[in-house]
Amino acid sequence: MKIRRAAVHELLELWGYESVHTASSNAKFFCDNIKSGNAEFWTLDHEGELVGELYVFYDLEDKDFADGRSTAYLCAFRVRTDFRGQGLGTKLICRVIEHIKDLGYQRISIGVDATDAANIRLYTRLGFTIKAKECIEDPCDRDENMQPRSCPCFWLLYKEV
């Protein structure tokens, strides 16, 4: 198992797009931020296949999520179903947290569905114990006008590093 930073073309492939020109508004938002250095795409690789993903945003319009100085935001965390329960997702998140900490950030935020008991347990175990606020807009989910999309309520949690 290998944890590494991945490239924009890998994001497009993983999300099922041939190029950024055919991608959804949301995929374009992620790609543009990765290209500009405002976001990073981290992967969990198994025998050359991407089986997990996690993204970091360093600055977003809603500064409670990421402010470009002290708070970074983790989002779109996924581990393929057949690789869950082995601690691989925990290793991915911990590796990315260490990277963010090395960059000088003091706080990391992450969103979690208030009804997702498994992820709440995981994030609490990893130190995301401060409930910052309840959110009804996801700053990293963009509509066709590149505006944050409304979503079911989720919690924004903080971890001090």
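Colleague: How many aromatic pairs does the count come to?

Modeller: 12 aromatic pairs in this predicted model. Take Phe 41 and Tyr 55: their ring centres are 4.8 Å apart and the planes sit at 5°, so that pair is stacked.

Colleague: Where do Phe 41 and Tyr 55 lie?

Modeller: Phe 41 is in strand S2 (residues 39–46) and Tyr 55 is in strand S3 (residues 49–57), so the pair ties together parts 14 residues apart in sequence.

Colleague: Buried or exposed, those two?

Modeller: Phe 41 is buried, and Tyr 55 is too. There's also a tilted pair, Tyr 58 with Tyr 105, at 5.2 Å centre to centre and 40° between the planes.

Colleague: Which parts of the chain does that pair link?

Modeller: Distant ones, 47 residues apart. Tyr 58 is in the loop between S3 and strand S4 (71–79), while Tyr 105 is in the loop between H3 and strand S5 (107–113). Both Tyr 58 and Tyr 105 are buried.

Colleague: Which residues form the aromatic cluster?

Modeller: Trp 15, Phe 29, Phe 30, Phe 41, Tyr 55 and Phe 57 form one cluster.

Colleague: And what lies over the face of Tyr 158?

Modeller: Arg 107, at 4.3 Å from the ring centre.

Colleague: Switching to helix H3. What should its 15 residues span?

Modeller: Helix H3 covers residues 88–102, and at 1.5 Å a residue it should span 21 Å. Its end C-alpha atoms are 21 Å apart, so that agrees.

Colleague: Which residues of H3 are buried?

Modeller: Leu 88, Gly 89, Thr 90, Leu 92, Ile 93, Val 96, Ile 97, His 99 and Ile 100. After H3 comes Gly 104, with a positive phi near 100°.

Colleague: OK, pockets. How much space lies in the largest pocket?

Modeller: About 570 Å³. The lining has 23 residues, with Tyr 73, Ala 76, Phe 77, Gly 111 and Asp 138 nearest the centre.

Colleague: Which element gives the largest share of that lining?

Modeller: S4, with 6 residues. By type, the lining of the largest pocket has 15 nonpolar, 3 polar and 5 charged residues.

Colleague: What about the second largest pocket?

Modeller: About 250 Å³ of space lies in that one. It has 14 lining residues, and Phe 77, Val 79, Arg 84, Gly 89 and Leu 122 lie nearest its centre. S4, H3 and H4 each supply at least two residues of that lining.

Colleague: How do the lining residues of the second largest pocket divide?

Modeller: Into 5 nonpolar, 6 polar and 3 charged.

Methods:
Residues numbered from 1 in each chain as written. Predicted model: local features only at pLDDT ≥ 70, side-chain atom pairs only at ≥ 80, totals over all residues. Heavy atoms only, no water. Helix = DSSP H or I, 4+ residues; strand = E, 2+ residues; numbered from the N terminus. Expected span 1.5 Å × (residues − 1). Buried < 20%, exposed > 50% of the residue type's maximum accessible area, 1.4 Å probe, protein only. Phe/Tyr/Trp six-rings, centres within 6.5 Å; stacked < 30°, edge-to-face > 60°. Lys NZ or Arg CZ within 6 Å of the ring centre and 35° of its normal. 1 Å grid on protein atoms, 1.4 Å probe; cavity = no way out; pocket = protein on both sides within 12 Å on 5 of 7 lines; lining within 4 Å. Points joined across faces, edges and corners; volume = space filled by probe spheres on them. Nonpolar A, V, L, I, M, F, W, Y, C, P; charged D, E, K, R; others polar.
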